[in-house]
Amino acid sequence: MKVAVIHGQDHRGSTWNCVQIFLQEIIKPGDEIQEFYVNQMDFCIGCFQCFSEGEECCPHFAKVAPLAQAIDEADLIVMASPTYVMGMSGQLKAFLDHLGYQWMVHRPRVSMQNKVGVAISTTAGLGAKGVTKSLRNHYFHWGIPRSYGLGFAVAADSWENVAEKKKEKIIHQLKKTARKAAASTGKKQFHPFLFLYRKLISAMHKNSAGYERDRDYWIEQGWI
């Protein structure tokens with residue numbers, strides 16, 4: 001199994017520790033894991049080159065491409081971010097903005113149909129579940145039919161200061177979901193809303209709406 005992990009922050013706090021616990025439960029000998037940190041990611045400048053000309057024309061392609069390739073090749077994708085003012089980190093959002101071209105409405109990767117996504121976030125108070133919901137929304141629009149969200153309110157400013165009983169519950173949930181994700185990986189998944197969404201976009205491109213490059217891509221894939 002190949003696993004791609006995208007960390008929304010290089011801070012080794014509660015979210016990072018939760019990711020490591022999740023990985024320790026799921027990784028087996030022979031598995032391949034790639035971890036990336038997006039702290040130095042440039043902001044998308046809205047030039048639309050990825051939509052109209054191709055993702056390789058993005059001015060930040062050199063930074064984005066290795067992460068995009070790892071995601072494309074992975075069986076399991078883990079995106080994690082601490083909760084900052086009720087949302088994901090700005091660094092992770094900056095990275096995800098660069099992948100707009102592979103949303104379902106544009107040029108979704110065929111490989112996404114057989115992947116599993118996991119979203120992890122922690123917060124001292126509120127907002128973690130909102131972050132995981134947002135990250136799972138990206139998985140959906142990439143065309144990934146199955147994803148899991150793990151959002152935790154740790155009531156502490158560091159993993160070391162999380163109360164032991166709370167920490168035990170979090171670890172239990174992480175390991176439980178890790179086993180579910182592992183069991184789902186490599187199996188054909190079906191999401192009814194994703195199926196209908198794909199049909200809707202297929203009709204849109206058939207009527208020549210949207211970017212010509214996107215329509216050509218859908219034709220090449222045999223979707224319209």
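How many nonpolar, polar and charged residues are in the lining of the largest cavity? By class, that lining has 5 nonpolar, 1 polar and 3 charged residues. The model is predicted.

**Cavity**

- The structure holds 1 cavity of 30 Å³ or more.
- The space in the largest cavity comes to about 50 Å³.
- Its lining is made up of Lys2, Val3, Ala4, Glu32, Ile33, Gln34, Ala70, Glu73 and Ala74.
- Two or more lining residues come from each of strand E1 (2-7), strand E2 (32-37) and helix H3 (61-73).

**Helix H1 against helix H6**

- Two packed helices are described by the angle between their axes and the distance between the axes.
- Helix H1 spans residues 14-26 and helix H6 spans residues 164-184; their axes come within 8 Å and cross at roughly 45°.
- H1 is therefore oblique to H6.
- The crossing of H1 past H6 is right-handed.

**Residues in the helix contact**

- On the H1 side, the contact is made by Cys18, Ile21, Phe22, Glu25 and Ile26.
- On the H6 side, the contact is made by Ile170, Ile171, Leu174, Lys175, Thr177, Ala178, Arg179, Ala181 and Ala182.
- By class, the residues of the contact of H1 with H6 divide into 10 nonpolar, 1 polar and 3 charged.

Conventions: Residues numbered from 1 in each chain as written. Predicted model: local features only at pLDDT ≥ 70, side-chain atom pairs only at ≥ 80, totals over all residues. Heavy atoms only, no water. Axes fitted to C-alpha atoms, helices over the stretch in contact; angles between N-to-C directions. Helix = DSSP H or I, 4+ residues; strand = E, 2+ residues; numbered from the N terminus. Parallel < 35°, antiparallel > 145°, perpendicular 65-115°, else oblique. Left-handed = near helix turned anticlockwise from the far one by under 90°. Contact = heavy atoms within 4.5 Å. Nonpolar A, V, L, I, M, F, W, Y, C, P; charged D, E, K, R; others polar. 1 Å grid on protein atoms, 1.4 Å probe; cavity = no way out; pocket = protein on both sides within 12 Å on 5 of 7 lines; lining within 4 Å. Points joined across faces, edges and corners; volume = space filled by probe spheres on them.
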